[in-house]
Number of protein chains: 2
Amino acid sequence: MFSKETYAARRKVLKKEMNSGLLIFPGNMEAGMNYKDNWYPFRQDSTFLYYFGINHPDLYMIIDLDEDKEILFGDDLTPEDMVWVGAAEPLANLAEKCGVETVQPMSKLQDTLQKAKQSGRALHYLPPYRSNATIEITDLTGIPIADVHQNYSVEFVKAVAAQRSIKSTEEIQELHKAVNITASMHRYAIKNTKHGVTEQQIAGELQAIAIAEGGNLSFPIILTKNGQYLHNHPTQDVVKNGDIILCDCGAETSMNYAGDMTRTFPVAERFSDIQRNIYSIVLDAHETAIAALKPGYKFIDAHMLASSKIVEGLKALGLMKGDTNDAVNAGAHTLFFQCGLGHFMGMDVHDMENFGEQLVGYTQHMQKSTEFGLKSLRLGKELEAGNVLTVEPGIYFNPYLIDSWKAQGKYTDFVNYSEVEKFKDFGGVRVEEDFLIDQGGVKLLGDPLAKTIEEIEELKNA
Amino acid sequence: MFSKETYAARRKVLKKEMNSGLLIFPGNMEAGMNYKDNWYPFRQDSTFLYYFGINHPDLYMIIDLDEDKEILFGDDLTPEDMVWVGAAEPLANLAEKCGVETVQPMSKLQDTLQKAKQSGRALHYLPPYRSNATIEITDLTGIPIADVHQNYSVEFVKAVAAQRSIKSTEEIQELHKAVNITASMHRYAIKNTKHGVTEQQIAGELQAIAIAEGGNLSFPIILTKNGQYLHNHPTQDVVKNGDIILCDCGAETSMNYAGDMTRTFPVAERFSDIQRNIYSIVLDAHETAIAALKPGYKFIDAHMLASSKIVEGLKALGLMKGDTNDAVNAGAHTLFFQCGLGHFMGMDVHDMENFGEQLVGYTQHMQKSTEFGLKSLRLGKELEAGNVLTVEPGIYFNPYLIDSWKAQGKYTDFVNYSEVEKFKDFGGVRVEEDFLIDQGGVKLLGDPLAKTIEEIEELKNA
């Protein structure tokens with residue numbers, strides 16, 4: 001945990017932004033895999049962590065804005081409970097550590113909220129993303145379950161998102177740590193993904209690195225010779241010389257801050273010529289986008305810039321044709337680059353995605369697009385100093401999409417399908433790093449990791 | 001997957017047991033960790049796997065008993081969906097692989113069930129254990145959400161539990177495989193848990209072994225120098241010579257069959273004298289219980305037998321006193337052995353625990369106890385050939401329980417608290433293996449793993 005002053009100061013800012021009513025913070029519960037008590041690894045809610053720092057299940061926090069009270073709701077363990085889970089810190093201690101003064105049993109929570117509601121006070125909650133929280137909010141607030149997902153407090157979301165979007169010095173330290181653990185996972189993958197191993201053998205070891213550092217993965221590992229599928233999971237497939245491997249993985253620290261990097265590398269000692277060509281285009285797009293980032297610059301413009309670089313590169317290889325700007329404006333590049341350039345990162349790897357991308361990554365005057373490609377750009381708005389984000393352009397030869405769009409005659413002014421079809425078994429390339437926006441422009445998080453073709457080949461063969 | 005005939009034959013048995021109405025099989029959905037789309041590793045529902053074998057999210061199966069129809073509900077992916085997850089097998093192929101003839105879009109599911117309900121037919125479902133399934137059952141059947149957990153079909157549970165309790169030859173092969181992977185995890189832990197490593201360093205590697213074999217963990221790893229807490233998770237604590245480590249872990253195969261074993265071993269090269277003494281008592285209880293198991297024998301009797309052995313051993317060490325039978329009947333041993341001797345194992349590590357232990361591990365004429373200790377015995381009833389179960393006695397010196405019961409003057413006729421207090425920092429010992437009940441009695445699953453003090457010391461120092 002950070003200091004109690006840190007959490008109290010964060011809550012002070014939030015309370016100033018919000019007018020009246022009660023703010024409800026549901027802590028996460030344990031989540032059953034194949035029966036109720038066989039749990040997935042516990043993951044606390046990030047907003048709960050941000051304002052209170054307590055990494056334990058089965059808790060709720062309430063901030064009563066009108067009476068200026070903060071209350072932890074939960075139940076201490078009995079000695080018989082401790083048979084299973086061991087010594088739990090008393091809730092009074094946990095509350096003290098984050099500067100909360102009042103502890104009440106969970107059985108009082110519903111009553112507290114119902115009374116507030118009856119006296120006409122607002123009950124503010126954030127959009128729930130776990131079904132148990134949806135049910136709990138119905139039980140606690142009386143809002144019908146079908147309406148829970150519409151009735152969240154936009155004011156509450158905006159206040160939290162504004163605050164969490166700007167990282168503090170201590171948060172940036174944790175993010176550096178997360179990215180450095182992430183880089184060590186990639187170093188392992190680049191060195192050890194050799195002819196004859198399976199994707200899952202390597203993926204298991206990457207998870208072991210994250211766990212050994214005291215945390216876990218920040219998202220499910222993508223490690224695949226089929227990198228053209230953006231979120232493809234590792235399989236029991238054996239990789240072979242000639243394959244190009246896309247590895248997108250990240251560690252989460254014990255304080256729940258995320259790293260998220262991608263490297264793409266050959267199984268063989270060297271990139272093939274064709275792999276070098278595609279990789280070079282992606283790396284150029286990546287570097288061009290990074291160079292443009294600074295406070296006040298719109299992230300969507302970096303996305304368009306990277307898209308243009310991809311079109312130019314693919315034109316030089318004969319896979320695309322026509323005017324670059326026209327191609328990008330038409331969306332022809334989305335045959336190869338189907339997703340967004342990057343996203344905010346923090347305690348959530350896609351930071352605050354549960355609040356909805358419109359409220360987090362766009363503004364009142366800037367609506368998120370619904371078009372293929374841009375609809376997957378989670379962040380479009382002007383950057384601010386203190387933002388932390390990823391930059392991750394890619395080129396993906398998805399055979400289903402190629403077949404489908406060719407059959408529809410889509411973008412024939414810009415796409416040389418006869419050339420593109422030769423790449424249907426190529427795979428995919430992505431290069432991704434994590435950055436802090438600061439007054440000077442942009443700073444890499446973590447220590448540099450091999451990224452150029454030469455650096456990757458050197459690391460592979462070291 | 002097993003053969004389509006296997007799944008069809010299983011459903012044939014089930015359909016014979018059930019009279020009329022519709023059987024609802026909700027497949028599991030992806031489960032979000034810290035936002036909706038950041039998923040925990042997908043785990044299909046075990047009953048869905050048992051009858052249909054399809055290991056994909058977002059599916060429902062319906063068996064219409066009256067019209068003798070089986071229907072898969074789900075939606076095929078578009079080429080645009082495949083951008084993210086890659087080539088998905090068409091649902092028609094998946095249905096064919098398990099011998100189901102009809103596929104319908106998910107949008108037809110609610111209508112199908114509502115129509116059946118309106119014509120007075122029963123909608124049978126099993127107890128849901130994920131909140132999203134609870135909400136879905138409300139939406140599909142019209143049962144109010146507060147009643148969903150009471151209104152499940154006992155008849156359906158009994159039919160499925162009877163069938164899944166008896167393992168087929170092909171299931172036993174998978175269980176052997178799961179236990180052998182589990183044993184290799186233990187071999188790694190015994191050899192590598194040395195002075196100066198952290199619990200999480202070892203735990204990460206154990207998970208890597210399970211993942212490399214194509215599956216994952218069957219439950220969260222317990223690897224701790226504080227084995228007195230039964231489900232304690234690994235921490236960043238460094239282990240030291242003198243510590244005794246309890247490692248309880250298991251692999252799940254790619255077919256989702258579980259292993260579950262425990263070994264307890266010293267960090268140092270040798271067990272200390274006092275560690276040898278406690279270990280020997282547990283091992284004696286373990287062997288005695290195993291020797292008694294056979295078809296027709298009540299598992300609760302093996303639990304009592306192991307409990308007696310523990311009392312005898314602790315009497316010999318001066319920690320307990322009085323008549324052994326009286327002590328066990330009074331429950332005095334539960335100060336040290338607070339849980340049950342074992343449980344069924346199959347696709348779920350606690351097989352079918354979501355059905356409730358009364359319906360799975362007990363009978364109409366044998367109610368599960370509510371007393372401390374016995375209330376945690378998940379299996380009490382007579383064994384049958386084909387049952388697969390764990391045997392896992394233990395001795396746990398829980399300082400909170402010792403202090404609490406001493407202060408209450410509990411079991412002073414049987415417990416020498418002054419001696420017991422000297423063990424408050426000892427830790428815990430458990431020995432656990434997995435067995436098949438067959439006509440001849442009992443068969444160890446998997447190849448034997450070091451278990452005696454001599455074998456464990458030899459493996460550690462090999």
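**Exercise 1.** How many residue pairs are in polar contact across the interface of chain B and chain A?

*Solution.* The model is predicted; local features need pLDDT of at least 70, side-chain atom pairs count only at pLDDT 80 or more, and totals for chains, interfaces and linings use all residues. Residues are numbered from 1 along each chain as its sequence is written, chains are lettered from A and ligands numbered from 1 in the order in which they are written, and side-chain values use heavy atoms, with hydrogens and water left out.

Step 1: a polar contact is a pair of N or O atoms within 3.5 Å; within protein, one must be able to donate a hydrogen and the other to accept it, and residues adjacent in sequence count only if both atoms are side-chain atoms. Step 2: the rule finds 25 residue pairs, both residues at pLDDT 80 or more.

**Exercise 2.** State how much area chain B and chain A bury between them.

*Solution.* Step 1: buried area is the accessible area (1.4 Å probe) that two parts lose on being put together, summed over both. Step 2: the two chains bury about 5,300 Å², with 59% of it on carbon and sulfur atoms. Step 3: on the chain B side, Tyr35(B), Tyr40(B) and Trp84(B) lose the most area to chain A, together 15% of what that side buries.

**Exercise 3.** Find which residues meet, and explain why the copies meet through the same surface.

*Solution.* Step 1: with contact taken as heavy atoms within 4.5 Å, chain A gives 66 residues and chain B gives 66 residues. Step 2: 100% of the interface residues of chain B are also interface residues in chain A, so the surface is the same.
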